[in-house]
Amino acid sequence: MKYISTRGQAPELTFEEAMLTGLARDGGLYLPAEIPVMLQDEIAALAGLPYEEIAFRVMWPYVSGSFGEDEFKEIIARAYQVFGHDARAPLKQLNENHFLLELFHGPTLAFKDFAMQLIGQLFQVALKRRGDRVTIVGATSGDTGSAAIEAFRGLDAVDVFILYPHGRVSEVQRRQMTTPADSNVHALAVDGDFDDCQAALKDMFNDFDFRDEVKLAGVNSINFARVLAQIVYYFSAAVSLGAPHRKVSFTVPTGNFGDIFAGYLAKRMGLPIDRLVVATNQNDILHRCLSGEGYFKGDTIPSISPSMDIQVSSNFERALYYAYGEDGSAVAQLMDELKTGGFNVSQGAMQALRESFDSGRVSEDETLATIKHTLANSAELVCPHTAVGIKVAEEQRRADVPMITLATAHPAKFPAAVEEASGVHPPLPSRMSDLYERPERVTRIANDLGTLEDHIRRHIAE
Ligand SMILES: *Cc1c(COP(=O)(O)O)cnc(C)c1O
């Protein structure tokens, strides 16, 4: 499989090259040149298989030129063996036709472990084979950073630097980033918000001298390998509810559009998904855009679902690429307009987006109320991001199609909001109950490209 850029100006790469590169050199995002399609029989045959086997069958066409069959099976096995649930992504029933897909049984209690654990193993195998090392820099609104640090800690071919917005992540998120003692992982608390961190990361990738000097690699959700790993649980969930013989819909708490874009690819691969519903908090650029109001940046307002406090949704570029009929130059022009505030989406592209996506927005009060009534009515204690999804799903689900809401994090990752809403303090799973006692290690740093690059240069391979 070859990989192409959404802006049409970067060289085609293999899966391994696209994974190790992250952002394309024309500023675009990599996508497979063709989306592989699974036959209905092949989808039906997934029912009842272990998660790892479903993962292999769904992802294999995307990686087959870069990894061997047995090698890839072993990578998958190592990636998910650390999960705290045999099903990896178990499905729970909330009421008659509404289900919760629990994606928080990985080592850092959020769905990002699904992709990050896999990418850590993929990087290790690929770099070992090449005799190479890389510097991974990531920006996080909280969960990506902890998942990346957990996935890459202790690997000798990799240094990891994670930029997070100082004071804007939960204490559990922060401690998961600052307490690992491995010398190859570095937490950087940036004076700014998540969009500042993401912009600094993009600037580093566009500074080609720095990029080459430190062998920069990215594992943010722009990395196609991240998206790929997330396609799998759409399949595992849908077949367990009767796909391909029955349609299902998904509601996805959304920030950077990575998780829901994986659902879009699952649909294009042949999975009978009826609706893909984007659920946003008060940072609602995606909901405004899908409502026909154009894609215009606002200020990021901190919320109780901080992993979705995002105003520039980087993976949306991938959806736009398909909505604009795979026209890279049209996408490049939109992204130019975004630099000065935003753009209107053409009528044809809006129609294409509406064929797959619906959207809804949830206020802070509604989020708290949803945590409370989900506990009362379904005996499930959910995190604020998941509550945003549940609220939108309840508004938009149709009687005849099962709705699956993605539970993106464990409630114990956001204890303050959960306790405020429900009166119940969500305990950490026992395997990480000493998190509050471990010493922290973090560098507070200015939101300045030169300062950041200098810090990274000085701390590689310490
Ligand atoms: C990252 C994250 C999201 C948003 O996912 P995207 O792929 O950025 O849309 C939602 N909830 C939680 C808990 C997250 O960590």
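Reader: How many bridges join strand E9 to E10, and do they run parallel or antiparallel?

Author: Five bridges join strand E9 (residues 248-253) to E10, and the two run parallel. Strands are DSSP runs of E with at least two residues, helices are runs of H or I with at least four, both numbered from the N terminus. Two strands pair if DSSP finds at least two bridges between them. Before we go on: this is a predicted model, where local features need pLDDT of at least 70, side-chain atom pairs count only at pLDDT 80 or more, and totals for chains, interfaces and linings use all residues. Residues are numbered from 1 along each chain as its sequence is written, and side-chain values use heavy atoms, with hydrogens and water left out.

Reader: Thanks! Which residue in E10 is the bridge partner of Phe250?

Author: Leu276 is the partner of Phe250. E10 is mostly covered, with eight of its eight residues buried (under 20% relative accessible area; exposed is over 50% and partly exposed in between, with a 1.4 Å probe and protein chains only).

Reader: And which residues have the most contacts inside the largest nonpolar core?

Author: Phe250 is one of them, along with Phe123, Phe152, Tyr234 and Phe235, in a core of 120 residues. Such a core is a set of buried Ala, Val, Leu, Ile, Met, Phe, Trp, Tyr and Cys residues joined through side-chain atoms within 4.5 Å. Helix H10 (residues 224-240) gives the most to this core, at 13 residues.

Reader: Switching topic: is Val58 buried or exposed?

Author: Buried, with a relative accessible area of 0%. Val58 lies in helix H3 (residues 51-63). Leaving aside neighbours within four places in sequence, Val58 is in contact (heavy atoms within 4.5 Å) with Met38, Leu46, Ile231, Val232, Phe235 and Met269.

Reader: How far apart are Val58 and Met38 in space?

Author: They are 8.2 Å apart, C-alpha to C-alpha, and 20 residues apart in sequence.

Reader: Now the ligand! Which residues come nearest?

Author: Lys112, Asp143, Gly255, Asn256 and Thr408, of the 15 residues around the ligand (each with a heavy atom within 4 Å of it).

Reader: What is 2.8 Å from a ligand oxygen atom?

Author: A polar backbone atom of Gly255. The protein covers 98% of the 380 Å² of accessible area that the ligand has on its own, by the Shrake-Rupley method with a 1.4 Å probe.

Notes. A polar contact is a pair of N or O atoms within 3.5 Å; within protein, one must be able to donate a hydrogen and the other to accept it, and residues adjacent in sequence count only if both atoms are side-chain atoms.
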